[in-house]
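Me: I would like to go through this model with you and ask, point by point, what each description rests on.

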Amino acid sequence: MQIAVLDDDVHQLDLLSHVVGALGYTCHRFSSGDALVQAARHATFDLFLIDWELPDTSGLDVLRTLRGRHRINAPVIFVTHRDEERDVVQALSAGADDYVPKPVRSAELKARVMALLRRAYPEKDAGLQHGEFLLQSSSRTVLYQGRPIELKQREFELAHCLFLRVGQLLSRAYLMQTVWGHEAEVPTRTLDTHVSAVRSKLGLRPERGYRLAAVYGHGYRLEALAQAGEQAA
């Protein structure tokens, strides 16, 4: 899991980074809102820990940019000294998923991070349903309207990653790491080949209500279209 941590206080960054590292996740540290917003244009993060008070902007504005302009639906936890009820309500209303007041209690934050990740990214064995697609991990099979579609192992891993994050732009680096792990010497063209296979085998076409689009210089996004039959851009 890739976790983005935003705080302008280096001591708080160290503490939050320690919490993330103790969970076995990769921590990406940011000390300004602009740096995180720019990074989120190219990289993919599974969860964000965001402070409210920042030197260049507010955490609330960062959240609105992530949810709005960047269309990122990954979980967000606010970690801040602001603990008035109205502040909590404002952050949650803007799209935050949880709110942790400072001083941070490490064990509590760990539990909240793990709980959010479990809800956002359910275990594959539980099956993943999206529209008329059902992904079954045990058989590496996707069902569409109850009919099975067989996929190769890497194709299934890729499809599962895309359906978990429908609507979110996933960077090439993120997809490569998620599907192939840290294997060396995997050509980037391999990703394009697998995306093409998944698109073809699952019939991810506008008439089925989906578009699997390449975003030049960034990666891929699986979109659930508002109306079946919408034409590809």
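Me: What is the count of residue pairs in polar contact between domain 1 and domain 2?

Reply: In this predicted model, six residue pairs are in polar contact between domain 1 and domain 2, both residues being at pLDDT 80 or more. On the side of domain 1 that touches domain 2, the residues divide into five nonpolar, four polar and three charged.

Me: Which residues make up the two domains, and how many of them are in contact?

Reply: The domain assignment gives residues 2-120 as domain 1 and residues 124-224 as domain 2. Twelve residues of domain 1 are in contact with 13 residues of domain 2, while the C-alpha centres of the two domains lie 27 Å apart.

Me: Why give an area for such an interface, and what is the area here?

Reply: The size of an interface is often expressed as the accessible area lost when the parts come together. Between domain 1 and domain 2 about 990 Å² is buried, and carbon and sulfur atoms give 35% of that area.

Me: Why is the pair of arginine 165 and aspartate 46 called a salt bridge?

Reply: The closest N and O atoms of arginine 165 and aspartate 46 are 2.9 Å apart, and the rule asks for a side-chain nitrogen of Lys or Arg within 4 Å of a carboxyl oxygen of Asp or Glu, so the pair qualifies. Across the interface of domain 1 and domain 2 the rule finds two salt bridges, and a search of the whole structure finds 18.

Me: What makes arginine 71 and glutamate 223 a salt bridge, and where in the chain are they?

Reply: Their N to O distance is 3.7 Å, and because the cut-off is 4 Å, this pair also meets the definition.

Me: What is the omega of the peptide bond from lysine 102 to proline 103, and where is proline 103?

Reply: Omega is near 0°, and the bond is cis; proline 103 is found in the loop between β5 (98-101) and α5 (106-120).

Me: How do you know whether the radius of gyration agrees with a compact globule?

Reply: For 233 residues a compact globule would have a radius of gyration near 17 Å, and the protein has 19 Å, which agrees. The C-alpha trace spans about 50 × 40 × 35 Å along its principal axes, and the protein has eight helices and twelve strands.

Notes:
Residues are numbered from 1 along each chain as its sequence is written. This is a predicted model: local features need pLDDT of at least 70, side-chain atom pairs count only at pLDDT 80 or more; totals for chains, interfaces and linings use all residues. Side-chain values use heavy atoms; hydrogens and water are left out. Domain bounds come from an automatic or database domain assignment. Contact means heavy atoms within 4.5 Å. Buried area is the accessible area (1.4 Å probe) that two parts lose on being put together, summed over both. A polar contact is a pair of N or O atoms within 3.5 Å; within protein, one must be able to donate a hydrogen and the other to accept it, and residues adjacent in sequence count only if both atoms are side-chain atoms. Ala, Val, Leu, Ile, Met, Phe, Trp, Tyr, Cys and Pro count as nonpolar, Asp, Glu, Lys and Arg as charged, and the others, Gly among them, as polar. Helices (H or I, at least four residues) and strands (E, at least two) are DSSP runs, numbered from the N terminus. The radius of gyration is taken over C-alpha atoms; the globule rule is 2.2 Å times the number of residues to the power 0.38.
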